[in-house]
Amino acid sequence: MRHYEVNFDGLVGPTHNYAGLSFGNVASLSNAKSTSSPKSAALQGLAKMKALHDMGMVQGVLAPQERPDVTTLRRLGFTGSDGEVLAKAAQQAPQIFQAVCSASSMWTANAATVSPGADTANGKVHFTPANLTNKFHRSLEPQTSGRILQAMFNNGRYFEHHTHLPDNEHFGDEGAANHTRLCSNYGHAGVEIFTFGRYAFDSSKPAPKKYPARQTFEASQAIARLHGLSDDNTVYIQQNPDVIDQGVFHNDVIAVGNQNVLFYHEQAFLDTDAKLAEIQRKFGDEPVHFIEVKTSEVSVEDAVQTYLFNTQLLTLDNGHMAIIAPTECQENPRVAAYLAELVTRNTPIRQVHYFDVKQSMRNGGGPACLRLRVALNDTELAAVNPAVVMNETLFARLNQWVDKHYRDELSVDDLRDPQLLTESRTALDELTQILKLGSVYPFQL
Ligand SMILES: N=C(N)NCCC[C@H](NC(=O)CCC(=O)O)C(=O)O
């Protein structure tokens, strides 16, 4: 039996834009109102997917969501034809209108938390879409994410799908961006690490002062319960509130783990020593490589600006690990020097590959934000909808699809163009056929 970690990357949607929607996310705010290129964003994402496929990884595609989200505008009291709903919202409530146009579902690390069968009580792979309550534009995602995931992992024998947690800040859940899993081998039971920003029901505990803590302890515990994880393979760690206040809005902006490696910044967590000891104890006899980056090597500011930790750590066929980093890391001399030195050390990480995902980076989404990891064995992989698995044909087909439907440029003002809704729906209707998803979008239901 072979075991894989499959990366399901978010396909960037046709409305990709910079609206400055994410308070606490430095890139989103500083690039607000810039002009985006939905076409280049989607092509950059596809190029990364294809490169990982060519490196021997199993790579999947996760479809974007229907935007503008007319259904939500109707819930908020805008009436008339779809065109009228959009025009009224754009005129009367421009911020709400911009939020329902966001292509933020591209960051599929936030689509769900996934626990592989090796860790769960009933041996199935468990999925819980993230409720993303902290940001209005992101809170619109979980229902459709759930439908898309069910269309991709559509076999009750191997896959179990849960409803997202209650839509309330007490259970604020950001999915895999605040969850990582260590294991000696993808097929063996691992240690699932939930990193949270605050306690919802205990205000005496530390919490950030300036920016929001999106993930709560209580949400993390609920996911572990739903997925049937045992205490012996679960660790809860609090993010350092000071780094959240410096722009670390998700834990995957300051730490990343894969198999026996945890790569993190010295300031990432609270109670670090005790928590790392707990991870090692629960991991077992084999030593975990705890690769700690000191502030003297890379500052938190550099980490936030370059996304050094929003990198993908991949295990290649030869057993070595490669780090998939954004070109922003290469352009920063301190971070580039750190990575050049890291691969010469005696750790499993031996290669660095740089990718241009600048369109996504400008909204605070690096390589790791763009993917949802699902560890699967041969049998489970065979039960995945094959139309979402990357290969030469799908790559060519999706590139053509983007070229046909996507705009080269989109400004926040262009979002008012009534044609955008038709373009987006036409593109997504065709996409559901390419990816054989059935009807998953509100306009198709
Ligand atoms: N770290 C991970 N896993 N994901 C990154 C998510 C970025 C996303 N940006 C945005 O939603 C910005 C949209 C805008 O401003 O137009 C967010 O803040 O939720």
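## An exposed position

With 12 C-beta neighbours inside 10 Å, Ser 439 counts as exposed, since a residue is exposed if 12 or fewer other C-beta atoms lie within that distance. The model discussed here is a predicted one. Ser 439 belongs to the segment after α17 (419–434). Apart from neighbours within four places in sequence, Ser 439 is in contact with Gln 444 and Leu 445. Between Ser 439 and Arg 138 there are 301 residues in sequence and 21 Å in space, C-alpha to C-alpha.

## The annotated active site

The UniProt record, an unreviewed entry, places the feature "active site" at Glu 174, His 250 and Cys 369. These positions span 196 residues in sequence, yet no two of their C-alpha atoms are more than 11.1 Å apart, so they gather at one spot.

Glu 174 sits in the loop between β5 (159–161) and β6 (179–182). Because Glu 174 has 31 C-beta neighbours inside 10 Å, it counts as buried. Its contacts, leaving aside neighbours within four places in sequence, are Asn 110, Ala 130, Leu 132, Arg 214, Gln 215 and His 250. His 250 is likewise found in a loop, between α9 (241–244) and β9 (255–258). With 28 C-beta neighbours inside 10 Å, His 250 also counts as buried. Not counting residues up to four places away in sequence, His 250 touches Glu 174, Ala 177, Asn 178 and Arg 214.

## Surroundings of the ligand

The ligand is surrounded by 23 residues, and the closest are Ser 22, Ser 28, Ala 109, Ala 177 and Cys 369. Cys 369 is also one of the positions that UniProt lists under "active site", and Ala 177 is among the residues that His 250 touches. By type, the shell around the ligand divides into nine nonpolar, eleven polar and three charged residues.

In helix α8 (residues 217–226), the buried residues are Phe 217, Ala 219, Ser 220, Ile 223 and Ala 224. They cover an arc of only 165° around the axis, which puts them on the same side of α8. An α-helix has 3.6 residues a turn, so residues three or four places apart point the same way. The buried residues of α8 pack against the strands β3 (112–115), β4 (125–129), β7 (191–196) and β8 (234–238). After α8 comes Gly 228, which has a positive phi, near 70°.

Helix α7 (residues 142–152) is mostly covered, with eight of its eleven residues buried. Those buried residues are Pro 142, Thr 144, Ser 145, Gly 146, Arg 147, Ile 148, Leu 149 and Met 152. They pack against β2 (59–62), β3, β4 and β5.

## Nonpolar cores

In soluble globular proteins, nonpolar side chains tend to be buried together. The largest nonpolar core in this model holds 106 residues, of which Ile 254, Phe 309 and Leu 372 touch the most other members. Leaving out residues up to four places away in sequence, Leu 372 touches Phe 8, Leu 62, Thr 108, Ala 109, Ala 111, Ala 112, Val 114 and Ala 176. A second, separate core of 18 residues includes Ala 89, Cys 101, Leu 415 and Leu 420.

Key. Residues are numbered from 1 along each chain as its sequence is written. This is a predicted model: local features need pLDDT of at least 70, side-chain atom pairs count only at pLDDT 80 or more; totals for chains, interfaces and linings use all residues. A nonpolar core is a set of buried Ala, Val, Leu, Ile, Met, Phe, Trp, Tyr and Cys residues joined through C-beta atoms within 7 Å. A residue is buried if 20 or more other C-beta atoms lie within 10 Å of its own, exposed if 12 or fewer, and partly exposed in between; C-beta atoms are placed from the backbone. Two residues are in contact if their C-beta atoms, placed from the backbone, lie within 7 Å. A residue is near a molecule or strand if its C-beta atom, placed from the backbone, lies within 6 Å of it. Ala, Val, Leu, Ile, Met, Phe, Trp, Tyr, Cys and Pro count as nonpolar, Asp, Glu, Lys and Arg as charged, and the others, Gly among them, as polar. Helices (H or I, at least four residues) and strands (E, at least two) are DSSP runs, numbered from the N terminus. The arc is that of the directions from the helix axis to the C-beta atoms. UniProt positions are given in the numbering used here, feature names are shortened, and annotations may be inferred rather than shown by experiment.
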